[in-house]
Amino acid sequence: MSKLSLSRFSMFFLTPAACALLALPALADSQARIVRLSDVQGSVQINKNTGMGFESAFLNLPITQGAQVRTHDRGRAEIEFEDGSTLRLTPNTTVEFSALGLNDAGKHISVINLVEGMAYVNWLGKDEFSLNFLREKISLSQPAHFRVDTSADVASLAVFKGDVEVDGAAGKFAVEKKTTATFEAPDNDKYTIANNILEAPLDSWDKEASAYHEQYARNNSSPYGYGASDMNYYGAYSSIPGYGMMWQPYFAGIGWNPFMDGAWSWYPGYGYMFASAYPWGWMPYRYGNWMSVPGYGWMWQPGGFNTWLTAPHFAGTMPVDFHPLVAPVDGTVRTVAVGKGGTVSPMPSNLVVHAGSAGMGIPRGSIDNLSHLNHQVAKSGSAEVRLEPQFSTSAARSPSLIGQSSSTPVGSAGRSTASAGHASGGSHH
């Protein structure tokens with residue numbers, strides 16, 4: 001991966017004319033959608049449908065229709081949709097985003113294929129969502145939280161919240177909350193339903209991630225859901241005279257600017273899109289404007305859809321020399337790093353937080369009060385903190401999760417009469 005010099009690329013200011021050189025077709029006027037790779041731990045890869053196959057994935061990469069994401073033995077990933085709904089991938093999992101579009105009424109339509117592995121879905125119910133596995137299709141139009149574990153021979157669907165409708169080889173049926181459906185692929189996906197849920201090794205990770213989003217997105221007044229929880233955790237809004245409400249990340253420091261660390265990544269049909277390396281770096285690069293405010297430094301002003309998705313949009317700045325990225329040819333590098341790029345580092349047990357870091361290196365939810373730590377860093381220039389260990393990425397899917405609970409067989413059509421009166425399930429939610 002090649003590097004661009006900081007003086008040439010991370011400090012540039014663009015006019016709308018320069019932005020137009022890289023301008024993405026306006027998403028507001030098309031059926032195209034972009035969702036966010038919102039968490040990356042360990043080995044994760046993405047195939048952006050460029051014809052180049054899989055490449056290393058990193059935080060805040062845009063995901064477009066036709067893309068695939070896969071995790072390896074020690075990899076986990078989270079994808080966040082516009083309304084704040086999430087899809088989480090455990091180790092050795094592959095998903096394909098076969099449809100990310102809009103229907104004629106303007107409603108978001110998401111169709112995901114779970115090729116193999118285990119995925120958690122926490123759907124908030126504002127848009128339409130479908131998940132395909134084996135010969136089955138889950139369709140959601142209301143909130144639901146569930147786990148799907150699939151292989152070539154067998155799959156299980158465990159529903160934590162809501163009721164999930166399945167349509168497949170055995171017809172349509174509902175899997176209610178706190179129950180598990182098991183599907184036998186060699187037997188035409190014949191299914192059984194158990195009145196409990198066996199706990200999986202990564203249920204705790206899913207539970208903690210869901211709680212993080214719920215806690216920090218609770219007071220989001222923005223019409224845009226994805227990225228709101230990270231902004232509320234890693235920064236704060238202030239009322240600035242002459243500017244109104246402005247947001248700034250903690251630990252910004254003097255000399256920091258929002259485009260000094262990240263990567264430009266190539267997408268067919270879109271061009272180069274910027275992926276910020278900062279853990280909060282999604283919404284401020286898709287909506288509103290960045291401004292250099294005298295006495296405060298760089299701050300983000302909330303606003304509508306940012307039409308310059310493929311180039312930084314600084315308000316009220318003077319243009320300087322800008323050399324637009326050239327579309328790659330076959331066999332060339334399609335990701336260009338800026339500053340520290342978009343690399344993923346393992347979580348340390350001790351972390352020294354410096355002014356100017358803007359939250360980089362701090363795993364989400366790992367420190368209770370970043371505002372208090374921000375005051376310490378502003379006063380002394382740095383502070384050392386001990387981080388709570390996160391759930392190990394080495395935990396693999398347990399094969400005992402599939403088909404090991406007491407179950408009631410169901411025929412080729414209809415649903416089990418035992419699905420009512422659920423037994424106490426796992427301790428997930």
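This is a predicted model: local features need pLDDT of at least 70, side-chain atom pairs count only at pLDDT 80 or more; totals for chains, interfaces and linings use all residues.
Which residues of α5 are buried? In this helix, which spans residues 370–380, they are Leu 370, Leu 373, Asn 374 and Val 377. They lie on the same side of α5, because they cover an arc of only 105° around the axis. On the face of α5 turned away from the buried side, you will find the exposed residues His 375, Lys 379 and Ser 380.

Now look at the two ends of this helix. At the start of α5, Asn 369 brings a side-chain oxygen to within 3.2 Å of the backbone nitrogen of Ser 371. After α5 comes Gly 381, with a positive phi near 95°.

Let us turn to the aromatic rings. The whole structure holds 26 aromatic pairs. One of them joins Phe 81 and Phe 129 edge-to-face, with 6.2 Å from centre to centre and 85° between the planes. Phe 81 sits in the loop between β7 (76–80) and β8 (86–89), while Phe 129 belongs to strand β11 (residues 128–133), so the pair ties together parts that are 48 residues apart in sequence. Phe 81 is buried, at 1% relative accessible area, and Phe 129 is buried at 1% too.

Charges can meet rings as well. The charged end of Lys 48 sits over the ring of Tyr 267, 4.7 Å from its centre. Arg 286 lies over the face of Trp 282, at 4.4 Å from the ring centre.

Methods: Residues are numbered from 1 along each chain as its sequence is written. Side-chain values use heavy atoms; hydrogens and water are left out. Buried means under 20% relative accessible area, exposed over 50%, partly exposed in between (1.4 Å probe, protein chains only). Helices (H or I, at least four residues) and strands (E, at least two) are DSSP runs, numbered from the N terminus. The arc is that of the directions from the helix axis to the C-beta atoms. A polar contact is a pair of N or O atoms within 3.5 Å; within protein, one must be able to donate a hydrogen and the other to accept it, and residues adjacent in sequence count only if both atoms are side-chain atoms. Rings of Phe, Tyr and Trp (its six-membered ring) pair if their centres lie within 6.5 Å; planes under 30 degrees apart count as stacked, over 60 as edge-to-face and the rest as tilted. A charge sits over a ring if NZ of Lys or CZ of Arg is within 6 Å of the ring centre and within 35 degrees of the ring normal.
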